Amino acid sequence: MNDSPGCPLTDVAATYMPRLSEIPSEPGLAAAVDQHAAAVREALIPAQRRGSGYRTVRREELADYVLGFTDWLSRIDWTEPSGHDFATLRLTAVCWLIREHDLLDA
């Protein structure tokens, strides 16, 4: 996995990373993104890795998650709203994880 144009993390980051700049001015948004990031992290990190204190999100696992999530969005004909719905919060949280774990530069 790399940060080439076909990488799902690159595509999501290009679209949703700018939403992270809204977080400092919207405390409710910060809390929602944090909760979504925690849910994604919990889905990606098996219990045995969590128990050992190893909590790093792996790029390949996050990319697979994004592919599955965006495939689901495509199947339900989701369109991005002007505000924040479940999907935009989840994709913004993915961007937070990308940034926090430096997943595009690895």
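This is a predicted model: local features need pLDDT of at least 70, side-chain atom pairs count only at pLDDT 80 or more; totals for chains, interfaces and linings use all residues.
1. Trp72 is partly exposed, with a relative accessible area of 35%. Trp72 is found in helix 4. Being partly exposed means falling between two cut-offs, under 20% for buried and over 50% for exposed. Trp72 also belongs to a nonpolar patch on the surface, together with Ile76 and Phe86. The accessible area of these three residues together is about 290 Å².

2. A pair of aromatic rings is described by the distance of the centres and the angle of the planes. How many aromatic pairs does the whole structure hold? A search finds three. In one of them, the rings of Phe69 and Trp72 have centres 5.7 Å apart and planes at 40°, so this pair is tilted. An α-helix has 3.6 residues a turn, so residues three or four places apart point the same way.

3. Is Phe69 buried or exposed? Phe69 is buried, at a relative accessible area of 9%. Phe69 also pairs with Phe86. Here the distance is 6.3 Å centre to centre, with 50° between the planes, and the pair is tilted. This pair links distant parts of the chain. Phe69 lies in helix 4 and Phe86 in helix 5 (residues 86–100), 17 residues apart. Phe86 counts as partly exposed, at 45% relative accessibility.

4. The overall fold. The chain has five helices and zero strands. Read from the N terminus, its elements run α-α-α-α-α. The chain has 106 residues, and 39% of them count as buried. The accessible surface of the chain is about 5,800 Å². Carbon and sulfur atoms hold 53% of that surface.

5. Helix 1 and its cover. Helix 1 spans residues 8–16. Its buried residues are Pro8, Leu9, Thr10, Val12, Ala13 and Tyr16. What covers them? The cover includes helix 4 and helix 5. Thr15 is in helix 1 too, but Thr15 is partly exposed, with a relative accessible area of 43%. Thr15 and Leu91 are 76 residues apart in sequence. In space, their C-alpha atoms are 9.1 Å apart.

6. Salt bridges. Side chains of opposite charge can pair when their charged atoms come close. The structure holds four salt bridges. One of them joins Arg75 and Asp71, at 2.8 Å from N to O. Arg75 and Asp71 are four residues apart in helix 4, so about one helical turn separates them. Arg75 is exposed at 57% relative accessible area, while Asp71 is partly exposed at 38%.

7. Further bridges. Arg58 and Glu61 meet through their side chains in a salt bridge of 3.7 Å, N to O. Arg58 is partly exposed at 35%. Glu61 is partly exposed as well, with a relative accessible area of 22%. Glu100 bridges to Arg99, and their closest N and O atoms are 3.3 Å apart. Glu100 is partly exposed at 43%, and Arg99 is partly exposed at 44%.

8. Cysteines. How many disulfides does the count give? The count comes to zero. A disulfide would need a pair of cysteine sulfur atoms within 2.5 Å. Cys7 is buried, at 3% relative accessibility. Cys95 is buried too, at 0%.

Methods: Residues are numbered from 1 along each chain as its sequence is written. Side-chain values use heavy atoms; hydrogens and water are left out. Rings of Phe, Tyr and Trp (its six-membered ring) pair if their centres lie within 6.5 Å; planes under 30 degrees apart count as stacked, over 60 as edge-to-face and the rest as tilted. Buried means under 20% relative accessible area, exposed over 50%, partly exposed in between (1.4 Å probe, protein chains only). Helices (H or I, at least four residues) and strands (E, at least two) are DSSP runs, numbered from the N terminus. Patches are made of residues with over 30% relative accessible area and no salt bridge: like charges are joined within 9 Å, nonpolar side chains (Val, Leu, Ile, Met, Phe, Trp, Tyr) within 5 Å. Accessible areas come from the Shrake-Rupley method with a 1.4 Å probe; for residues, only the protein chains shown count as cover. Contact means heavy atoms within 4.5 Å.
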